[in-house]
Amino acid sequence: MDYVKLYSELLAAEIDGVLSSYEIERLIEKPKFLHQGDLAFPCFQLAKTMRKPPVEIAKEISARLQSRAVGSIERFEPVGAYINAFLNKTEVAKDLLYEIRQKKNHYGDLDIGENQTVTIDLSSPNIAKPFSMGHLRSTVIGNSLSLLYEKCGYKTVKINHLGDWGTQFGKLITAYKLWGKEEKVKENPIQELLALYITFHEAAESQLELEQEGRDWFRRLENGDAEALKLWKWFKDESLKEFKKIYDLMGIEFDSYAGEAFYNDKMEPIVEMLRERGLLEDSDGAQVVKLDDTELPPCLIKKSDGATLYATRDLAAALYRFEEYSFVKSIYVVGNEQTLHFKQLKAVLTKMDLPWADGITHVPFGMMLKDGKKMSTRKGKVVLLEGVLKDSIQLAEKNIEEKNPSLANKTDIAKMVGTGAIVFHDLKNFRMNDIEFVLEEMLKVEGETGPYVQYTNARAQSLLKKGGFEDTNGDDNLAAVAEWPVITELQSFPYIIERAIERNDPSQIAKYVLNLSKAFNKYYGEVRILGDDTEKNARLQLVHAVSIVLEEGLRMLGIKAPKEM
Ligand code: ARG
């Protein structure tokens with residue numbers, strides 16, 4: 001039940017069209033203190049039409065409203081220039097718990113998407129290079145956004161735009177032919193290919209002909225030379241095998257792996273469209289689109305030697321995605337260091353007068369730091385992500401071994417907790433913030449962590465079990481005084497979903513599940529939930545609702561909720 005709406009309608013009827021119920025809805029606030037009621041309406045905007053001071057108006061209208069009291073809104077009171085409404089806690093709790101227990105994991109679903117399609121470009125690591133923390137952030141944020149859009153009724157297409165093309169592959173082939181060993185690459189593809197790449201750059205400082213050789217191999221690759229293609233494909237397959245280990249650990253799947261190379265034969269049409277529209281200009285032999293009117297530097301489309309670029313492939317990809325999926329929105333979850341690139345991409349498509357250019361949405365994020373510095377792959381100091389995830393899982397397993405050694409399915413649960421900790425840590429801060437990576441902190445059950453939320457849910461599950469709760473138990477009455485903070489949290493879930501999707505911001509949900517957990521744990525500390533009085537069953541219904549919402553909230557973040565831990 002939407003009490004804000006209900007209150008707005010009651011008020012609108014009382015003030016006789018001075019403001020519409022929709023306008024009133026936007027003005028309603030939460031009172032500062034709990035004892036001042038649940039919903040507050042400020043009377044300032046009525047003063048002009050009603051020609052009275054707002055404080056007077058508040059007094060007058062709240063007296064009149066009393067006759068309109070309904071079951072769930074039982075009392076009205078003037079507080080300064082506000083009219084505060086008091087909800088009937090028992091009624092509200094009963095309605096809400098009924099709704100949540102009926103809808104289960106569909107509680108909070110919205111239908112704003114109406115089956116329209118959103119494409120989400122996420123993860124998108126580079127072949128033959130380590131999967132970076134940035135790629136992990138993109139994977140985690142993108143996956144959560146996709147779940148969020150689905151909850152709001154959209155269809156989503158998750159696209160892994162692999163970095164599998166570019167001059168670096170010419171260099172890599174050169175290096176492999178000079179120094180590579182098949183066995184070593186097979187054993188440790190990413191590390192070995194990265195080492196070859198680094199060796200190439202070191203050697204090229206003194207052996208100048210290497211750069212040329214690299215270019216030659218790339219040209220051969222572009223021209224479809226069998227040997228070049230075979231090596232490239234092999235590097236790609238080996239890299240993908242490694243990346244998939246990470247995706248498997250995290251339980252993430254993609255709808256498409258069409259990466260940069262996929263667009264090799266799809267760039268001419270968009271370049272032609274640019275030419276037809278007179279947007280392509282010559283600049284020292286290179287082809288560019290000038291973006292002066294948007295105060296952006298020109299977007300380079302073709303180099304003077306005719307080679308295409310990252311941006312050219314992204315233009316082709318954008319067009320392909322629109323033709324293939326007719327998206328209403330096309331999201332790119334990519335670090336904020338690429339903001340200029342995506343501004344240019346959108347500006348070029350807008351200049352082309354493509355109506356769908358409006359839907360191009362860059363969702364940027366900040367860096368992952370270790371001891372205040374970027375976690376980087378340079379200088380041979382590679383942080384291999386698969387290792388990071390495995391460390392986390394191992395640490396989670398150790399914690400279980402210490403605290404709950406008799407737990408069944410320890411390995412599965414450690415996996416849920418270990419990966420959940422990393423994902424939650426990433427999502428609990430607004431994505432633009434840089435975040436510090438401290439594994440021990442992320443796994444603490446006492447902090448603002450994923451395991452804390454998972455543990456809260458497991459606690460709820462254990463109460464249900466101990467209390468012999470059955471889902472079919474009818475709806476009972478609660479005085480809902482001690483429960484009230486939990487009830488109000490539960491109530492706000494649908495609004496949180498709305499806010500999260502409006503801002504493409506999963507941290508809204510992460511913060512929400514933390515707040516709900518805190519409220520519930522406080523309640524757990526204060527009230528004997530399993531105590532044998534008349535409200536026991538109603539309390540268990542509340543516990544049940546809390547668990548439903550926690551599990552659904554965690555699911556939206558891409559985190560599993562073990563029933564026991
Ligand atoms: N592979 C790129 C990188 O690692 C990210 C690609 C993002 N997606 C895109 N359509 N440009 O930096």
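## Strands β9 and β10

V333 has V363 in β10 as its bridge partner. Strand β9 (residues 329–333) and strand β10 (residues 360–363) run parallel and are joined by four bridges. From β9 the chain passes through helix α14 (residues 339–351) to reach β10, and this β-α-β crossover is right-handed; the term applies if, with the strands pointing away from the viewer, the path from the first strand over the helix to the second runs clockwise. Helices (H or I, at least four residues) and strands (E, at least two) are DSSP runs, numbered from the N terminus. Two strands pair if DSSP finds at least two bridges between them.

The structure is a predicted model, in which local features need pLDDT of at least 70 and side-chain atom pairs count only at pLDDT 80 or more, while totals for chains, interfaces and linings use all residues. Residues are numbered from 1 along each chain as its sequence is written.

## The other neighbour of β9

Strand β9 also runs parallel to strand β4 (residues 117–121), with four bridges between them. Here I120 is paired with I331 of β9. Four of the five residues of β9 are buried, which leaves the strand mostly covered; a residue is buried if 20 or more other C-beta atoms lie within 10 Å of its own, with C-beta atoms placed from the backbone.

## A three-stranded open sheet

A further group of strands forms an open sheet in the order β12-β11-β13, with mixed pairing. Strands β12 (373–374) and β13 (435–436) are at its edges and have a single partner strand each, so one side of each lacks a neighbour in the sheet. Strand β11 (residues 368–370) runs parallel to β13, and two bridges join them.

## Surroundings of the ligand

The ligand is surrounded by D121, S124, N126, H161, G163, D314, A317, Y332 and V334. A residue is near a molecule if its C-beta atom, placed from the backbone, lies within 6 Å of it. This shell comprises three nonpolar, four polar and two charged residues. Ala, Val, Leu, Ile, Met, Phe, Trp, Tyr, Cys and Pro count as nonpolar, Asp, Glu, Lys and Arg as charged, and the others, Gly among them, as polar.

## Annotated regions

An unreviewed UniProt entry assigns "domain: Arginyl tRNA synthetase N-terminal" to residues 5–87. Over residues 5–87 the chain is 40% helix and 20% strand, with the end C-alpha atoms 13 Å apart. UniProt positions follow the numbering used here, feature names are shortened, and annotations may be inferred rather than shown by experiment.

The UniProt annotation "short sequence motif: 'HIGH' region", also from an unreviewed entry, covers residues 125–135. Over residues 125–135 the chain is 27% helix and 0% strand, and the end C-alpha atoms are 6 Å apart.

Note on methods
A residue is buried if 20 or more other C-beta atoms lie within 10 Å of its own, exposed if 12 or fewer, and partly exposed in between; C-beta atoms are placed from the backbone.
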